[in-house]
Amino acid sequence: MSILASGGFWAFVGVVAGIYTILSLGLQVQFGFAGLLNFGQVGFMALGAYTMAILVVKEGWSMWLAAPLGVVAAAVGGLLLGLPTLRLRADYFAIVTIAFSEIIRYVATNETSLTGGTQGTIALGPIGTASQYNGGWSTFQTYVQRTLGFSSADATMLVIVWAVAVVLLTLTWLALRTPWGRVLRAVRDDEDAAASLGKNVFAYKLQALALGAALAGVAGLFYAWEFSFFSPDDFEPLLTFFAWMILLLGGIGRVWAVPVGALVFGFIFAGTRFLNFAPFTWVASDERAYIRLIIIGLIILVLVVLRPQGLLGNRREMVLE
Amino acid sequence: MSAILEVENVVRAFGAIRAVDGATFTVEEHSVTGLIGPNGAGKTTLFATIAGSLKPSSGRIVFSGRRIDRKPAYRVARAGVVRTYQAARVLTRMSVLDNLLLASKDHPGEGLTGIVLRPRASRDHERRTRARALELLALVGLDSHAHAYAGTLSGGQRKLLDLARVLMLEPSLVLLDEPMAGVAPTLRIELLEHILAVRRELGITFLVVEHDLDFVMQAADRVVVMNEGRVLAIGTPAEVRANEQVVDAYLGTAH
């Protein structure tokens, strides 16, 4: 049980929750405010991470240029996906998004010369060299650590991720309180009514999709930096559904519900790995990992019955017709 | 008087069914024109076609001298032709006031570049919009509900909100789809008075689909009667009422 008391472990859990916050915030913009059923959020995350890593390793770019370009690549991915598909009905759009994220993952798996293929980013460089994309990031992180006077790298990462998350949450919250956000909510609730009030529904959906994708791109960057290595397997559709669970836990249509959902999700997910007592020990330890998903599933079930608006959602808005 | 809207040979087919089958008529500027006809005559389809939510299969629709039949709904609305729906499409999860603010024209704050680059213009516009919205809410008697969710309003109140919201857009032509349906009798008179006052004071033209013939006869200057996708008769309420064909269409030929 010593790991339970280890600060490093819980800092790691906090970092991951911060990354999930940014990823799910994108989904909140797309679904919570524009009504877009996006099941391919992880694809945009992959675009951000891979663009940054490839530019750093293959083109020798500075991280400070490569990282913003990763975010731009994710946003452009959103635009390209949205242009032909956003006129589809919501359920068809949802199917296309999941196909999109799988296409990204399969391309990353098979285009070995571009992405390193199944071996992941370690194979990005010339054969026989183990390539690293996070040299620039490590330098920056060490600088921050020294400036803050922290002793641990984990704590430093925790502070950086959450500082970025809070800035992004605040910016999103402010943007959604403007007249622009008002139109977005109208598009979500009744797009025909919005169109008959002169709103270009398609343009608003496209903007929401691209912004949400850009946020996923940011999450992808931090994911890459936190783990120092990634491969196509890191971008399985399951991650998108984690983001959806976070949205359901926290509450749909509320910006500040996202970090709450992500923290609850993160700590349940991490905490359930300590279920090493009966009756959980009756199950083999490698299979025990699934128990945490069962537990989260049960919590969501209970929540849907007792508190369908999520932890921080607005119940009145759910029942009005 | 000149025509503000010209509908010329408009056809709208769904597969083999021609819901609107060559309709031709004009709407005079500043008039209240009634559009009536038995169920299935194609009135609502024609409305959606004029408003741009459906594209005509053939024919032309000209508004203030410009063709609008190939424009998407939001562009038709911006050009000044605004429709309402049979069941008022208010945004239930927003406040009554937000419903009106949403209907502001050319709001710089509704664009992402506007909120970043022109925050002051956006704030000024929002302030003017808010003042106008409160005026209109007072006009239709919903000012005490300004901050309630629109979803808490009754059917009749929603129609009033819808009317106020349409007026926010400063339209030239308003298409009302059954404004009296689902409205309590006491509210009906109020609604009618609002429509007539708006026409008088703002010079807005109305094209109204309505089943309540009393309302049509009272409010309309001209009446267009449709049957089976075509225009059967056009005239003043009195002329239309005296028309044998119209009576047949409504009651069947064997009456």
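**View 1. The two domains of chain B in the predicted model.** Chain B is divided into domain 1, which comprises 3-90 + 155-251, and domain 2, which covers 91-152, the bounds being taken from an automatic or database domain assignment. The C-alpha centres of domain 1 and domain 2 of chain B lie 27 Å apart. This is a predicted model, in which local features need pLDDT of at least 70 and side-chain atom pairs count only at pLDDT 80 or more, whereas totals for chains, interfaces and linings use all residues. Residues are numbered from 1 along each chain as its sequence is written, and chains are lettered from A and ligands numbered from 1 in the order in which they are written.

**View 2. The contact between the domains of chain B.** In chain B, 12 residues of domain 1 are in contact with 16 residues of domain 2, contact requiring that the C-beta atoms, placed from the backbone, lie within 7 Å. On the side of domain 1 of chain B that touches domain 2, helix H6 (residues 155-168) gives the most, with 8 residues; helices (H or I, at least four residues) and strands (E, at least two) are DSSP runs, numbered from the N terminus.

**View 3. The open sheet of chain B.** Six strands in the order E6-E7-E8-E3-E9-E10 form an open sheet with mixed pairing in chain B, where two strands pair if DSSP finds at least two bridges between them. Strand E6 (81-83) and strand E10 (230-235) of chain B each have a single partner strand and stand at the edges, so one side of each is left without a neighbour in the sheet.

**View 4. The pairing of E6 and E7 in chain B.** Strand E6 of chain B runs parallel to strand E7 (residues 173-177), to which 3 bridges join it. The bridge partner of B:Val82 is B:Val174, in E7 of chain B.

Definitions and conventions
Contact = placed C-beta atoms within 7 Å.
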